[in-house]
Amino acid sequence: MVLEVLELGFMQRALIAGVAIAITTSVIGLFLVLRRNSLFGDALSHVAFGGIAVGLVANVYPLWTGIAFSVLGALGITKLRRSAKIPADATVAVLLASGLALGLLLFSLSGQLFNIYSYLFGSILVVSMEDTLAILAMAGAILAIVILLYRQLLYVTFDEEQAKVSGLPISKLNYLFVVLASVAVIVSMRLVGILLVSALIVIPNITALLLGKGFKKTALISVGISIFSVVTGIAVSYAANLPPAATIVIVSIVMLLATLAAKYSSKRQMEEKLEVARS
Amino acid sequence: MQVIEIDKLSYTYSGNLVLDNISFSISEGDLLGMIGPNGAGKTTLFSCMLGLLGGYSGTIKIFGQDIKKDAKALKSIGYIPQRKSIEQNFPATVEEIVSLGITSGKISKDKINTALDTVGLLEQKDRRVGEMSGGQQQRVLISKAIVNDPKLLILDEPATGIDLESQNKFYALLKKLNQEKKITIIWASHDLDAVNRIASSVACINRSMFFHGKTHEFFENPDLLRAYSESSMQAHMHMHDHDHGAM
């Protein structure tokens, strides 16, 4: 039965694209979470939604217009934060609302409202070969750049001021990072849609932070959790006829709760042992 | 040899003169304690020296190089900022953080181990840095700052907010780095007793240079000490008034 399902073309494409997205979002997400920018991904996905709507109206491949809007939005907001000193959460709110409003308006004007569900909640099981190849290419590029610049990105995440003193080009690195985050968000929209992107970016990383010792190890644990959530989510959703995006997110939340419970239980056991030792 | 030569340095921020015509130099092997009341401009002075702030007038030469014309000399500086607590969930290990100090060439495990051994944290290199005490975190940052064999170390109130025992360990470490590793050190502090004990020279600023000379010349001069206390008190009261004014 499992082998038969794996022979299905749409399932193969879904799993390949899903695993590529899982790796990309968890790696980028770890930096976002540690920079206290967890909701940045959410805002970018909403801006991308506006860009996708522009692509549909203009009859351009929507992924490209989505990327263009998301990257421009991210760069603009980064610039605005630095120059006008607008609070970070306020910039996220502005980005989020304007992207969603523009998207809804254009989807409505273009008569494409029937299409909106797949962008809001993802549609990994109907991902085309063209989409799969685009996702693989973008995920590969993001991973290659992160691996190449891993130490610099870690230094900036740890302490921007010290990184600057050591001679790192902070502004360039920050702009590059928001571009990478924008592309990662666009890539993941196919899997979970704009409304659940931040879950994929944040939840596997929070779980990994509870378990990992060391940045590299934490990143690897996060990648593992993310892949497991995506593959299990796709499989369960197919078997039980459930929406894949929601199932993937629920699987990752279950893993987070299980990890929290295990940590709590091990802490309790440790405290009990200490009490016994004291008495 | 002069490690740092500062000539007529002034810096204005939002119309306020933060640094006013400061000139001084530091010789190789010095352990300079930089003192001054809150808001005296110590951090601004360090930021100018580290190339973090431009837009100043005057010149700053490090190892003979004007840093505005050639920033290469900045790479031979190790820097430890004012203590910020590292997030408890920050996952990087001590070893990973120290390795960030190696900014060029191959990451050498030997270099990292030597730097960790110097600060007494070799046994703890696999610990998460976020789970360590404030004093230990500061030693990790020192280890990161010295891993690249800097000739000059700049520390901005590094011991603020850590317990007394850790502070004493920290001061002993500074002395060791200065005397055994021959690193020139500039260290901003509010702890006059510690400055008196370990610094070889003292610079006291309050927007302009108030005193620069040997440590004993400052601490054995009651007039200088009284003037310093009065200026600290005035700065404190000014900040207090400002806080109330803002309410």
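A pocket, as used here, is found on a 1 Å grid over the protein atoms alone: it is an open set of points with protein on both sides within 12 Å along at least five of seven lines, and its lining residues have an atom within 4 Å of a point. Grid points are joined across faces, edges and corners, and the volume is the space filled by probe spheres set on the points. This is a predicted model, so local features need pLDDT of at least 70 and side-chain atom pairs pLDDT 80 or more, while totals for chains, interfaces and linings use all residues. Residues are numbered from 1 along each chain, chains are lettered from A in the order written, and side-chain values use heavy atoms, leaving out hydrogens and water.

With that in hand, the largest pocket comes to about 770 Å³. Its lining counts 31 residues, with Leu34(A), Arg35(A), Arg36(A), Thr157(A) and Glu160(A) nearest the centre. By type, the lining splits into 14 nonpolar, eight polar (Gly is put here) and nine charged (Asp, Glu, Lys and Arg).

Now over to chain B, where six strands make an open, mixed sheet in the order E6-E7-E8-E3-E9-E10; strands pair if DSSP finds at least two bridges between them. E6 (77-80) and E10 (208-214) of chain B each have a single partner strand, so one side of each is left without a neighbour in the sheet. From one strand to the next, the twist averages 15 degrees. Inside the sheet, E3(B) and E9(B) run parallel and share four bridges, one of them pairing Met34(B) with Ala203(B).

Helix H1 (residues 42-49) of chain B lies across E3, E6, E7, E8 and E9 of chain B, at about 150 degrees to E7(B). Such angles run from 0 to 180 degrees between N-to-C directions of axes fitted to C-alpha atoms, for helices over the stretch in contact.

Chain B also has a hairpin: E1(B) and E2(B) with two residues between them, and Ser14(B) in the turn with a positive phi of about 50 degrees. Eight bridges join these antiparallel strands.

Finally, the two chains meet through 23 residues from chain A and 24 from chain B, contact meaning heavy atoms within 4.5 Å. About 2,200 Å² is buried between them, that is, accessible area (1.4 Å probe) lost on being put together, summed over both.

How values were computed
On a 1 Å grid over the protein atoms alone, a cavity is a set of points where a 1.4 Å probe fits but cannot get out, and a pocket is an open set with protein on both sides within 12 Å along at least five of seven lines; lining residues have an atom within 4 Å of a point. Buried area is the accessible area (1.4 Å probe) that two parts lose on being put together, summed over both.
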